[in-house]
Every structure is written in structure tokens, then in C-alpha cells.
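Please open the model in your viewer and keep the sequence beside it. The tour below moves from one selection to the next and says what can be found at each stop.

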Amino acid sequence: MPRPTAAQLAYGSCTVIFSTLAMLLLSQTSSSLGIVLIALSALALGLLVAMTVPLPKPAPAAVVRERVPARRETASVSAAASSSAPEPVREPAGP
């Protein structure tokens, strides 16, 4: 299982804190059982929010390149390739 990102931790923590405060203020409960139920539901809601935050896309795999031959070899190869290419034939312009 991958580790949670900073965004997941932040969203989950803020959800737990704010939802706990909101539910405690709205319910106006003073019993221990009510407070425990509100705290547990806030934790569940925070976990849900943290797990639904989109994960970053994995970075593409690094491309492994072979060693490039020395410049002299590539220059001679490109010169040989360009000299072997046929030149276009130009026809003389008519009268």
C-alpha cells in the first residue's frame, strides 16, 4: 500500500477537525456516548476524504539510452550517407 501524500494528510486532518467541531456544535450533545460517536464518525469521514483525494500520476520510466559513439564516427557516417545520396537530375530548359 502506498504511503499517503501530503495533500491526503492535510485534507483528511482538516476534515476530521472541522467535521468534529461542526457536529459537536450542531448536536449540542454533552453525553460521553454522543461525543465518542461524533469523534468516530468524524474519523471515518476524514479517512474517506483522504482516500478519495486523487493520487499523483506516476512519473514515466526513465529512458535508458545507449552510449553515443564519438563525434568523429558520427560525422564520418553522416558524410558518407550524404555523399551516397543521389542528386536530383535537372533537365535543361527548353527554347
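Which backbone oxygen lies 2.5 Å from a polar atom of the side chain of S19? Keep that question in mind while you get your bearings, and remember throughout that what you have open is a predicted model.

**The whole chain**

Begin with everything selected: the protein has three helices and zero strands, and when it is read along the sequence the pattern is α-α-α. Of the 95 residues, 12% count as buried.

**Helix α1**

Next, select residues 6–27, which form helix α1, a run of 22 residues. From its first C-alpha to its last, α1 reaches 31 Å, which is close to the 32 Å expected at 1.5 Å a residue.

Within this selection, colour Q8, G12, T15, S19 and T20, the residues of α1 that are buried. They lie on the same side of α1, because they cover an arc of only 120° around the axis. Now turn to the other side of α1, where A6, F18 and L25 are exposed.

**S19**

Zoom in on S19, whose place is in helix α1. S19 has a relative accessibility of 11%, and because buried means under 20%, S19 counts as buried. The opening question can be settled here: the backbone oxygen is that of T15, and it lies 2.5 Å from a polar atom of the S19 side chain. If you set aside the neighbours of S19 within four places in sequence, you will find S19 in contact with A42 and L45.

**Q28**

Finally, follow the chain out of α1 to Q28, the residue that comes after this helix, and notice that Q28 lies in the loop between α1 and α2. Is Q28 buried or exposed? With a relative accessible area of 67%, Q28 is exposed, in contrast to S19, which counts as buried. The backbone of Q28 also deserves a look, for its phi is positive, about 50°, although Q28 is not a glycine.

Technical notes: Residues are numbered from 1 along each chain as its sequence is written. This is a predicted model: local features need pLDDT of at least 70, side-chain atom pairs count only at pLDDT 80 or more; totals for chains, interfaces and linings use all residues. Side-chain values use heavy atoms; hydrogens and water are left out. Helices (H or I, at least four residues) and strands (E, at least two) are DSSP runs, numbered from the N terminus. The expected span of a helix is 1.5 Å times one less than its number of residues. Buried means under 20% relative accessible area, exposed over 50%, partly exposed in between (1.4 Å probe, protein chains only). The arc is that of the directions from the helix axis to the C-beta atoms. A polar contact is a pair of N or O atoms within 3.5 Å; within protein, one must be able to donate a hydrogen and the other to accept it, and residues adjacent in sequence count only if both atoms are side-chain atoms. Contact means heavy atoms within 4.5 Å.
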